[in-house]
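Me: Please examine the model shown below and answer my questions about it in turn.

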Amino acid sequence: MTRLLIIGPPGSGKGTQAVHIAKHFSIPTVSTGEIFRTNASEETPLGLEAAKYLDDGAFVPDDLTNALVKDRLRDVDVQPGFLLDGYPRTAPQVMELDNMLASLGHRLDAVVELRAPDSELERRMIQRAKEQGRKDDTVEVFRRRLDLYHRETHEVVAVYAGRGIVVSVDGSGEPRAITERAIAAVEKFLKAGVTP
Ligand code: ADP
């Protein structure tokens, strides 16, 4: 019964870490970015709408994103627990998630915040652009996403910090070491309620 959320700037390795952390806790990941990208490549109505924003590095409108998550959180496989990756990203999304969880009788246990300096994020993004060719991995779009992260998502972290459930993890260095650090920090928090 673990309900987690992972937050981190673009290039922080959030998606990769989400997969490993979720595996450790035996819970599914719910990644809004991934759902949007899959839909965009399959050219579903949701995907075609989302692609307008994705390609520019802008946020998909809240109503579309909220509806998508609301639907997904009703699925059977996420009832025992989940790790949300990429949602909520704005203050209104935090409120929506609060409502969704309350109506399901659930609450979040911890929020993992991955931190890394902007210079390292940009270096990694350039590397990922070469390897994966994601459409939103160009320097210009990346900077826009990073800027949005600092402006909007900062507030999201602040809200959860106010509730005392943020576990900050140093996101620099090797992916494996970051995973170990993150898992250890979350385990410690879940056991003792102590934020490292
Ligand atoms: P990153 O963290 O590297 O920006 P994500 O895969 O989390 O990558 O998100 C990719 C894109 O998907 C975002 O730039 C945005 O367009 C869209 N997106 C994902 N999650 C949300 C969300 N919660 N609200 C609005 N847009 C979102």
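Me: Which residues does Thr 179 touch, not counting residues up to four places away in sequence?
Reply: This is a predicted model in which local features need pLDDT of at least 70, side-chain atom pairs count only at pLDDT 80 or more, and totals for chains, interfaces and linings use all residues. Residues are numbered from 1 along each chain as its sequence is written, and side-chain values use heavy atoms, with hydrogens and water left out. A contact means heavy atoms within 4.5 Å. With neighbours up to four places away set aside, Thr 179 touches Gln 17 and His 20.

Me: Is Thr 179 buried or exposed?
Reply: Thr 179 lies in helix α8, which covers residues 175–192. Buried means under 20% relative accessible area, exposed over 50%, and partly exposed in between (1.4 Å probe, protein chains only). The relative accessible area of Thr 179 is 10%, so this residue is buried.

Me: What percentage of the residues of the protein count as buried?
Reply: The protein has 196 residues. Of these, the share that counts as buried is 46%.

Me: Which pattern does the protein follow along the sequence?
Reply: Helices (H or I, at least four residues) and strands (E, at least two) are DSSP runs numbered from the N terminus. There are eight helices and five strands. Read along the sequence, their order is β-α-β-α-α-α-β-α-β-α-α-β-α.

Me: What share of the contacts with a separation of 6 or more do residues 24 or more positions apart account for?
Reply: The count takes contacts in the protein with a separation of 6 or more. Within that set, residues 24 or more positions apart account for 71%.
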